[in-house]
There are 2 protein chains.
Amino acid sequence: MNEEEKKFLKRVGFNIAKQRKDKGFSQLDLCSIIKMEKSNLSSIENGRQNVTSLTLLKISKAIGVKVNLFFE
Amino acid sequence: MNEEEKKFLKRVGFNIAKQRKDKGFSQLDLCSIIKMEKSNLSSIENGRQNVTSLTLLKISKAIGVKVNLFFE
DNA sequence: TCAAAGGTTATGATATATCATAACCTTTGA
DNA sequence: TCAAAGGTTATGATATATCATAACCTTTGA
């Protein structure tokens, strides 16, 4: 994974965390709604993991934002 | 995978194919640029595969569009 | 027409996302 | 302060994205 890709995943993770907090959800809240491991969500929000489309869909539905916002 | 998720992947795949064609790339062109198997790209464009963020980044860079467009 | 380019489907291998669990660190509110 | 809530990191298991290859189907332009 090159630097640009690392940056990209960090940005996506940051955006997910921002939207989640703005909507008033803790990681634990969100994980229990979408049945995801909290270790996993942490990795995604910190840009350590290459999150898949379906996981983005689940998160976006749970917190009520468009998937688009994760790629701003 | 539920129906909504299937629909979502089909939409993402359709959008990728549309942007690719609009920009004048064949599947083979795009695959050779990003070093992806054509079987793979076909699966993604047909919504049979849960494409990852990094693959979306690679595609978007190669054809010169924003990742956002794949989630419209 | 039909050959070439483009795309699909199948199969087995490999890499990695996610699960499951646990220990630990950090933040926050009383 | 400090206990509880929230978040991070590590490890091994499982599911699946992607690779590699091949055969085949579809579209298109001469």
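Which hand does the crossing of α1(A) and α4(A) have, left or right? It's left-handed, meaning the near helix is turned anticlockwise from the far one by less than a right angle.

Quick housekeeping. This is a predicted model, where local features need pLDDT of at least 70 and side-chain atom pairs count only at pLDDT 80 or more, while totals for chains, interfaces and linings use all residues. Residues are numbered from 1 along each chain as its sequence is written, chains are lettered from A in the order written, and side-chain values use heavy atoms, with hydrogens and water left out.

Back to that pair. Helix α1, residues 3–22 of chain A, packs on α4(A) at about 20°, axes 10 Å apart; axes are lines fitted to C-alpha atoms over the stretch in contact, with angles from 0 to 180 degrees between N-to-C directions. Helices here are DSSP runs (H or I, at least four residues). So the two are roughly parallel (under 35 degrees). On the α1(A) side, A:V12, A:I16, A:Q19 and A:R20 meet A:L56, A:I59 and A:I63 of α4(A), contact being heavy atoms within 4.5 Å.

Now α2(A), residues 27–34: its axis comes within 10 Å of the axis of α4(A), residues 53–63, and they cross at roughly 110°. That makes them roughly perpendicular (65 to 115 degrees). A:I59 and A:I63 turn up here too, meeting α2(A) along with A:K58 and A:A62.

What about chain B? 18 residues of chain A touch 18 of chain B, and there are two salt bridges between the chains (Lys or Arg side-chain nitrogen within 4 Å of an Asp or Glu carboxyl oxygen). One joins B:E4 to A:K61, closest N and O atoms 2.8 Å apart.

How values were computed: Parallel < 35°, antiparallel > 145°, perpendicular 65-115°, else oblique.
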